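Thanks for coming. Please look at the sequence and the model on the screen, and then I will go through a few parts of it.

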Amino acid sequence: MKPRGAIGLALLGGLLFSAPLLAAEKADRQEVYLAPGWGKLSFDAPPAGSYKLPALEKAAGGTLLNSSGKRVELSELLQDHITLLGFIYRTCDDVNGCPLSTMVLRTVANRLQKQPQLAQRLRLITISFDPRNDTPQAMAEYARSIMGKATLNWHFLTSESDEQIQPVLDAYQQYVVADVSGKDGQGKFSHILRVYLIDTQAQIRNIYSLSFLHPDILVNDVKTLLLEGDAAASPAVAAQ
Amino acid sequence: MDKPYLPFYKLATVLLLLAGFAVQADETCMSPYMAKIVGQEDFVYVWTLGEEGLGDEQDKLVTIDVNPASPNYGQVVHTLSVGGRNEAHHSGFSDDRRYLWAGGLDTSKIFIFDVHSDPAKPKLHKTIDDFVAKSGGVVGPHTFYALAGRMMITGLSNNKDHGGRTAMVEYSNKGEYIATHWHPTDDSLNGAEKSGKYADGYGYDVRVLPRRNAMFTSSFTGWSNYMMDFGTMLADEEAMKRFGNTAVLWDLHTRKPKKVFDMPGAPLEIRCAWQPNHNYCFTTTALTSKIWLLYEDANGVWQAKAVADIGDPSKVPLPVDISITSDDSGLWVQTFMDGKTRYFDITDPFAPKQVYEKVIGAQLNMISQSWDGKRAYFTSSLLDNWDKKGDQDEQFFKAYTWDGKELNLEFAVDFKAEKLGSAHQMRFGAYGLYGLQRPYAARDIAAGE
């Protein structure tokens, strides 16, 4: 029997409401809207250092696998660098989902590469929440497809099992709902897209969802933390 | 068998393919950071004031089954009392919609309910009882507005003079204090431009337009007024001077105030348009009975303008809650004193026209409408000391359907007869948000198979 009152529910997290028309393509005579991160920011990003980013909480650690299949401690990777961290699953095909997250991080890395003194202080971490399909080898291939020949401080992590990744997801409140109906057998996931800005003391300083997941914003937030660190290291300079 | 829920990745695609942004609708008053219910909601959670001499006399979260397909349709299926009276007022979900934060304007306590483990039976997850101390003296947590991974909470008052000077306070989704943002005053504009006569520092509601990096706040009154008997306050000339007369534009990303607008007469709820090119928000002033428009002009400068009267302002109908439709074509406006809901055509936001009105009860405050605008729910209570007295103090939850021309009553819950309390703010719940099947749907499937 067909369930009554069939409904559709959205876990959009700002997807529809904050996204200006940045690009459109015809699809069944209807338009596709892309998240702000795919295009030009519709306002001027506040200048780096003109605002504060108060700490939200300590960024959690956890044992994960790197793309070589070796166990790594996330807490160790969060030391001494400013980190942009995002959760994805590799087979995500929602243009405003995981691909957006990866593209934005790649763009941030590209921009900061032009300022090596900044680039060397930034670390990118992408963590899969789909360990069944995203093996270390698959993540290595994914990394190559993203980075090409570029040398970036970008870690592509996965885990040994759902049980291993779940506490990390819980700690970051990155809730994921599995949809087991994927016809390709890989399954899909519902999740709110989030990227975390983490300072050198492993404190979460900002969380981005679709509305503000834009390279202009992230670059200036990273620079804001770097300026803050510089000011703390050299108060006299900062006072000038 | 068909899936009763559309998974996120598919739904996002479906919605994105729909022409324009005309598909979003209290769902129409929720944060744009919020997960949305776009189909039939299963539950309405009513944050309810405990009433002395009624039932257990405690504030409580009342869960009402509103899905017509449910065997429990129209019934109170769960109540959760919080152990006392706090002047229960507003509530709001976290951005992942797993938790519902609800505040008490008197005690400044905040109750965080888990609504995801079993949407039919919320449970108390955490109580914040040091909001005043943590925030640096902010009193009366009012609006709970989800931002990415955090909650923006507006205050109504302060612990120094219990007047209207107040702030917004940020908490992490885990319930940890982050920061306090005081509203600009003449003494401390904090970089804001004062565009008119006032910079009173009062607060009430908050809404955002992320695409314009804009955040807006309105202004009400402090603890000394909202806890006073309504009749006594109206007769107190000094008390009546202590109402907000401003709205403020903030930089959403930096949390810095940018411009203070004069808006005399206590602007309350703010509702922003959804369409991508509609850079404007509405609010209404309680004491002067006007609809105000906050809009970005052709030069990209934010302005404020009174665009319509609500009823006869000289009779002070006291507009309270408002709700904008998903396509930005209509605005529901409730007036407390005459118990009416009024529907304004706002297709021209600069010239709203009232096209419908209906008396819902002896007193009326809140409205929540479904995403598609076909269902509207109403509750009665404003503030414990401001609600009407005697038999005029009706306390209800009423569920209507709206066919575009007429509101039709589907069912009502008498909160006094049920010994629940005074019905205030409503929020929608649904199994599908958490990947859960409706239990009765599952039974139907089993029976059909």
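In the hairpin of E12(A) and E13(A), which residue takes a positive phi? A:Ala202 does, near 65°, and the hairpin has four residues between its strands.

Some ground rules. This is a predicted model, where local features need pLDDT of at least 70, side-chain atom pairs count only at pLDDT 80 or more, and totals for chains, interfaces and linings use all residues. Residues are numbered from 1 along each chain as its sequence is written, with chains lettered from A and ligands numbered from 1 in the order in which they are written.

Chain A has seven helices and 13 strands; these are DSSP runs, helices being H or I with at least four residues and strands being E with at least two, numbered from the N terminus.

Back to E13(A), residues 203-208. Its partner E12(A), residues 195-198, runs antiparallel to E13(A) over four bridges, and strands count as paired if DSSP finds at least two bridges between them. A:Tyr196 has A:Ile207 as its bridge partner.
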